[in-house]
Amino acid sequence: MTSTRRAGPARPLLIAALLILAAALSAALLRPRTDTATQNPAQATPVSGTLPATVTDARVVAVPPGIRETSVFATLRSTWDAEVRITGVSSPAAGHAMLMVTRTQDNMTGMSMTDTLTLPAGGTLTLSDTGDHLMLMHLKEPLQPGQTIPVTLTDDEGRTLTIQAPVVKP
Ligand SMILES: [Cu+2]
């Protein structure tokens with residue numbers, strides 16, 4: 001087909017194509033925006049580093065002045081097809097930080113330090129007040145809601161993940 005013949009029979013096709021495009025655009029604009037919010041209620045947490053995980057809902061619990069330790073919670077999702085063994089935690093806001101497990105044994109619930117928290121291959125590690133979590137000790141300053149505290153995890157291969165965790169009310 002030469003270029004001089006295109007203007008004739010091609011025009012109705014062009015108009016049809018434009019109408020389809022317009023219909024598609026208006027359908028996209030009219031689609032309710034709440035669907036992504038209801039499917040994805042988890043709040044993404046900004047992270048940096050080479051440890052292969054994404055983080056949602058990270059938070060540091062605010063504590064009253066005078067209390068010098070607090071907990072850090074989050075949900076970690078592996079982006080790796082092998083187990084990730086987290087063996088260290090630190091924060092510039094704390095003199096010391098610890099990996100913790102909460103266990104119930106003989107009707108007694110208590111938490112204790114652990115050497116390793118494991119993120120399963122392609123799986124999830126939930127850090128919560130009833131299970132595995134992180135603790136910040138010897139806080140250098142009182143933590144105010146609205147602040148963001150960097151918390152760095154290290155694995156046994158030396159990879160790190162720095163989580164920007166907001167301070168929230170308990
Ligand atoms: Cu604890």
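Reader: Among contacts in the protein chain between residues at least 6 apart in sequence, what share join residues at least 24 apart?

Author: The share is 68%. Keep in mind that this is a predicted model.

Reader: How many helices and strands does the protein chain have, and what pattern do they follow?

Author: There are 2 helices and 11 strands. Along the sequence the pattern reads α-α-β-β-β-β-β-β-β-β-β-β-β.

Reader: Confidence next. What is the mean pLDDT of the chain, and where does pLDDT stay under 50?

Author: Start with the general idea. Where pLDDT is low, the predicted coordinates should not be read in detail. Now the case here. The mean pLDDT is 86, and 76% of the residues reach 70 or more. Over residues 34-38, pLDDT stays under 50. The model has 0 contacts beyond four places in sequence for residues 34-38.

Reader: On to the core. Which residues of the largest nonpolar core touch the most other members?

Author: The general idea comes first. In soluble globular proteins, nonpolar side chains tend to be buried together. In this model, the largest nonpolar core has 29 residues. Val72, Ala74, Ile163 and Ala165 touch the most other members. As for the chain, buried residues make up 21% of its 170 residues.

Reader: Take alanine 165. What is it in contact with, leaving aside neighbours within four places in sequence?

Author: Its contacts are Thr45, Ala58, Arg59, Val60, Val72, Ala74, Thr148, Ile149 and Val151.

Reader: Which residues form the covered face of E11, and which the uncovered one?

Author: In a regular strand the side chains alternate between the two faces of the sheet. In E11, the covered face holds Leu161, Ile163, Ala165 and Val167. The uncovered face holds Thr160, Thr162, Gln164, Pro166 and Val168.

Reader: Which way do E1, E2 and E10 run against E11, parallel or antiparallel?

Author: Take each pair in turn. E10 and E11 are antiparallel, over 7 bridges. E1 (residues 47-49) is also antiparallel to E11, with 3 bridges. E2 pairs with E11 in the parallel sense, over 2 bridges.

Reader: Which residues stand opposite isoleucine 163 and valine 168 in E11?

Author: Isoleucine 163 has valine 47 opposite. Valine 151 also stands opposite isoleucine 163. Valine 168 has valine 61 opposite.

Reader: How many residues lie between E10 and E11 in their hairpin?

Author: There are 4. Glycine 158 sits in the turn, with a positive phi of about 85°.

Reader: Now E3. How many bridges join E3 to E2, to E8 and to E9?

Author: E2 and E3 run antiparallel, joined by 6 bridges. E3 and E8 (residues 124-127) are antiparallel too, over 4 bridges. E3 and E9 pair antiparallel over 3 bridges. Look at single residues next. Valine 72 in E3 has valine 60 opposite. Alanine 74 has leucine 127 in E8 as its bridge partner. Threonine 70 has leucine 136 in E9 opposite.

Reader: Which elements flank the loop that holds isoleucine 67, and is the residue buried or exposed?

Author: The loop lies between E2 and E3. Isoleucine 67 counts as exposed because it has 12 C-beta neighbours inside 10 Å, and the cut-off for exposed is 12 or fewer. Compare sequence and space. Isoleucine 67 and leucine 139 are 72 residues apart in sequence. Their C-alpha atoms are 8.2 Å apart.

Reader: Last, backbone angles. What is phi for aspartate 106 and for histidine 138?

Author: Most residues other than glycine have a negative phi. Aspartate 106 has a positive phi, near 50°. Histidine 138 also has a positive phi near 50°.

Reader: Where do aspartate 106 and histidine 138 lie, and are they buried or exposed?

Author: Aspartate 106 is in the loop between E5 and E6 (108-113). With 4 C-beta neighbours inside 10 Å, aspartate 106 counts as exposed. Histidine 138 is in strand E9. Histidine 138 is exposed as well, with 11 other C-beta atoms within 10 Å.

Key: Residues numbered from 1 in each chain as written. Predicted model: local features only at pLDDT ≥ 70, side-chain atom pairs only at ≥ 80, totals over all residues. Core = buried A, V, L, I, M, F, W, Y, C linked by C-beta atoms within 7 Å. Buried ≥ 20, exposed ≤ 12 C-beta atoms within 10 Å, placed from the backbone. Contact = placed C-beta atoms within 7 Å. Pairing = 2+ DSSP bridges. pLDDT = per-residue confidence, 0-100.
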